Amino acid sequence: MPFIRESVVTTLNPDGSAHIAPLGVIERPPFLVLAPFAPSTTLDNLRRHPCACIAYTTEVRVFAGCVTGRRRDWPLLPAERIRGWRLRDCLAHAEVEVAAVEEDAQRPRFLCRELHEALHAPFRGFNRAQAAVLEGAILVSRRHLLPREKIEREMAYLQIAIDKTAGPAEREAWTWLVEAIGLAADPPGR
């Protein structure tokens with residue numbers, strides 16, 4: 001199995017604005033591989049403008065906001081080496097350029113060269129609730145592919161980490177995910 005970093009990828013829309021999407025970035029040295037599903041805005045944007053910014057962030061509301069449609073207006077800054085945008089509030093970001101494409105009807109793979117990387121803030125450690133929100137966001141993004149029972153079972157298990165370790169940002173993100181799936185939110189400490 002490949003090593004995948006859960007990230008937030010920005011690509012350039014036709015009007016020059018940014019499209020922000022959570023995406024697992026596959027490490028395949030010397031490449032970072034972007035594999036958006038078809039159809040998707042990220043896929044269309046990469047085909048038209050073969051560059052992207054990859055943001056590494058612990059702000060899990062970005063992941064939950066994007067997959068639920070709750071929020072997509074995250075603060076951005078211009079990229080430094082490519083024409084495009086990057087997430088402002090991230091720990092680090094990489095700017096990449098597509099070097100090759102491995103075509104696939106469901107998930108083409110864009111093999112990208114890293115042109116620039118920058119660190120913006122210190123990493124202060126892991127939080128189980130952040131990991132739970134990431135997993136919940138993945139479930140929400142695949143609710144059309146997975147059986148409802150599996151989603152409910154996994155969300156119930158992830159709720160434990162939310163109850164034990166979440167701060168206000170993680171609780172807000174979790175609420176968005178629970179509402180998107182149509183589950184009743186469990187009160188903390190159930």
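The largest pocket here has a volume of about 890 Å³. A pocket, on a 1 Å grid over the protein atoms alone, is an open set of points where a 1.4 Å probe fits, with protein on both sides within 12 Å along at least five of seven lines. Its volume is the space filled by probe spheres set on the points, which are joined across faces, edges and corners. Lining residues have an atom within 4 Å of a point.

This is a predicted model, where local features need pLDDT of at least 70 and side-chain atom pairs count only at pLDDT 80 or more, while totals for chains, interfaces and linings use all residues. Residues are numbered from 1 along each chain as its sequence is written, and side-chain values use heavy atoms, without hydrogens and water.

Let us look around the largest pocket. It is lined by 34 residues, and P22, L23, F37, S141 and R142 are the closest to its centre. Two or more lining residues come from each of β1 (3-12), β2 (18-28), α1 (41-48), α2 (60-68) and α3 (128-141); helices (H or I, at least four residues) and strands (E, at least two) are DSSP runs, numbered from the N terminus. With seven residues, β2 gives the largest share.

Now for the second largest pocket, which holds about 470 Å³ of space. Of its 18 lining residues, T57, T58, F123, F126 and L134 lie closest to the centre. Here β1, α2, β8 (109-119) and α3 each give two or more residues, and the largest share, three residues, belongs to α3.
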